[in-house]
Amino acid sequence: MFDIPIQNNVRAGVDLNQLMNGQINGNQQNAASTTQPMPQQQYTNQMNQMPQQQYANQMNQMPQQQYANQMNQMPQQQYANQMNQMSQQQTGKGVVVKKGQKVKLSSPNNGRLDLIEVGLGWDLGPNGQGYDLDVEAFLLGENGKVLGDEWFVFYNQNVSPDGSVVCGIDNTSGAGFGDDESIRIQLSKVHPNVAKIVFIVTINEALERGYNFSNVSNAYVRIVDKITNQELIRFNLTEYYATVCSMVVGELYKHNGEWKFNAVGNGTAQDLTGLCMSYGVNVIG
């Protein structure tokens, strides 16, 4: 089933409840990490004073696990403020695409596009103020299934095995302007067996609590070139149904060796567990 060996092809499965609580097989996921994150105030000062190009270069050179650790340890409001400032500093609006439209990813300056950020945002209606929306990325092979259980990336398993995909901080309220959550991708690091990266927004505990996307509005996904901090593509979602508790917002896929973005925008009644099973994540419990 898998294009690369995962633990000698012996799969014990993923306890999704443990994973949602930050544990894998009873251990804290990041316990093995030896990277020492920078003190928050020092990091904040550097980010506020650093020119955009220097910031982009540093993000490009920083080990992915170190970046993920810094993002996870930063207070949510501080992270949201920085993301909003970056959004406001972008040098131009991206190409607006419609549902079903496919667009080639390319640098606006005809340069090599490598480090990108997929930003997602939404608003919650009066009946959705208690909703916690989460963003996930599934790295799929040619067969439409994940390469292994570790190739499902979200806030508690926030780095892909190849180090190419990093999930930012989990925003539990969706409050404020700008992106609510983001995923950073370094295209040159994506494993050659990955044919597609699917981005999904789910509502936490949707089936248990009867939550659905009829109480969500103004959702969008956008792709930003992190070297220039310029928005390349924006897709505004327009369909919100009471029968939907998860939304496949878009996907990156390879075609003739080039990366393209597909504006999907399809809702599903499956929750996160159901989606994991559909994409081949071996869920137990």
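Two strands are said to pair if DSSP finds at least two bridges between them. In this predicted model, strand β12 (residues 216-225) and β13 meet that criterion in the antiparallel sense, over 6 bridges, and within this pairing I223 has I233 of β13 as its bridge partner. The two strands β12 and β13 form a hairpin with 4 residues between them, and N229 in the turn has a positive phi of about 60°.

Strand β13 also pairs with β4 (residues 95-97), to which it runs parallel through 3 bridges; here the bridge partner of V95 is again I233. Because 6 of the 7 residues of β13 (residues 230-236) are buried, this strand is largely enclosed by the rest of the structure.

A further element is an open sheet of 6 strands in the order β5-β15-β14-β11-β7-β8, with antiparallel pairing. Its edge strands, each pairing on one side only, are β5 (102-104) and β8 (152-153). Strand β5 is joined to β15 (residues 258-268) by 3 bridges, and K104 stands opposite K260 in β15.

The pairings described above are set out below.

| Strand pair | Sense | Bridges |
|---|---|---|
| β4 and β13 | parallel | 3 bridges |
| β12 and β13 | antiparallel | 6 bridges |
| β5 and β15 | antiparallel | 3 bridges |

In soluble globular proteins, nonpolar side chains tend to be buried together. The largest nonpolar core of this model has 61 residues, and those with the most contacts inside it are F138, I185, I197, L252 and F261. Leaving aside residues up to four places away in sequence, I185 touches D114, L115, I116, V118, S164, V165, V190, I197, F199 and L252.

Methods. Residues are numbered from 1 along each chain as its sequence is written. This is a predicted model: local features need pLDDT of at least 70, side-chain atom pairs count only at pLDDT 80 or more; totals for chains, interfaces and linings use all residues. Side-chain values use heavy atoms; hydrogens and water are left out. A nonpolar core is a set of buried Ala, Val, Leu, Ile, Met, Phe, Trp, Tyr and Cys residues joined through side-chain atoms within 4.5 Å. Buried means under 20% relative accessible area, exposed over 50%, partly exposed in between (1.4 Å probe, protein chains only). Contact means heavy atoms within 4.5 Å.
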